[in-house]
Amino acid sequence: MPAVLFVVDAFTHIPFAGNPAAVCVLKMPADDTWMQKVAREMNLAETAFLWPIAGGYSLRWFTPTVEVDLCGHATLASAFTLWHTDQLQTAIEAKFKTRSGWLSCRQRDEWIDMDFPSLATTPCHIPDSLGDALGWEPRDLFKSSMDYLVEVPTEKVLRGMSVQMNLLAKLPARGVIVTCKSESADFDFLSRFFAPAAGVNEDPVTGSAHCALGPYWKTKLLKNDFKAFQVSERGGVIHLSVQGDRVILSGQAVLMSRIELFH
């Protein structure tokens, strides 16, 4: 099945930073097995597949090993691709039907605003293996509908964390979000995200994780609007605003390459 993919670095305005996603815009639905094979071939955190439907586009996200329910950076990359390739006028909102309901994106100058669901976190039991997996023993643990969330005391702990991926992959969650309050005035909070069970050891920048981080830090810092930084090797900036049961995630993007598939 011949197709064209665009690789976009999301949540960055600088090439070779942020989180790269492949975007494949199709005319009609594709076979699930084919999409999974393409995602494995791309070997990026996510490959997005979209095609036109009534009211917008159907959008699905695949890691190299599984389909996922929610993905921020590949949604941002998908909207950016539609506008950049003139398949959608920049003044028109990009609307996507997904496993997590309808999501929408708007272009605002050099930024893209994404309307995503808010993911509440609640205290939960700490698995015996989590401390060994993180190399740091958490005192408290929270869980959203998808991930565990751990707060660590300092940026030094966050950046220095050495994770045992084989142990982390056995936990009953998509992944683990690790976060701390920023020690710099440039950002409100920092984070890292590990999801070896989904085929992604450490994700460079994770929009969906910030759907849980936003409400979590709202209760800690007593504010609604944040500037966050994910401290992966590539790194990326996310602005977010918690608005009731929704979180507005804002980021930038850079087009990196165009790939033509022959099969």
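The model is a predicted one, where local features need pLDDT of at least 70, side-chain atom pairs count only at pLDDT 80 or more, and totals for chains, interfaces and linings use all residues. Residues are numbered from 1 along each chain as its sequence is written, and side-chain values use heavy atoms, leaving out hydrogens and water.

H6 covers residues 207-221 and reaches 20 Å from its first C-alpha to its last, close to the expected 21 Å (1.5 Å times one less than the number of residues). There is a bend of about 25° at Leu213, with Pro215 following within four residues; the bend is the angle between axes fitted to the seven residues ending there and the seven starting there. Just after H6 comes Leu222, with a positive phi of about 55°.

Zooming out, the protein has six helices and 18 strands (DSSP runs numbered from the N terminus: H or I of at least four residues for helices, E of at least two for strands). Buried residues make up 58% of the 263 residues. As for overall dimensions, the C-alpha trace spans about 50 × 35 × 30 Å along its principal axes.

Conventions:
Buried < 20%, exposed > 50% of the residue type's maximum accessible area, 1.4 Å probe, protein only.
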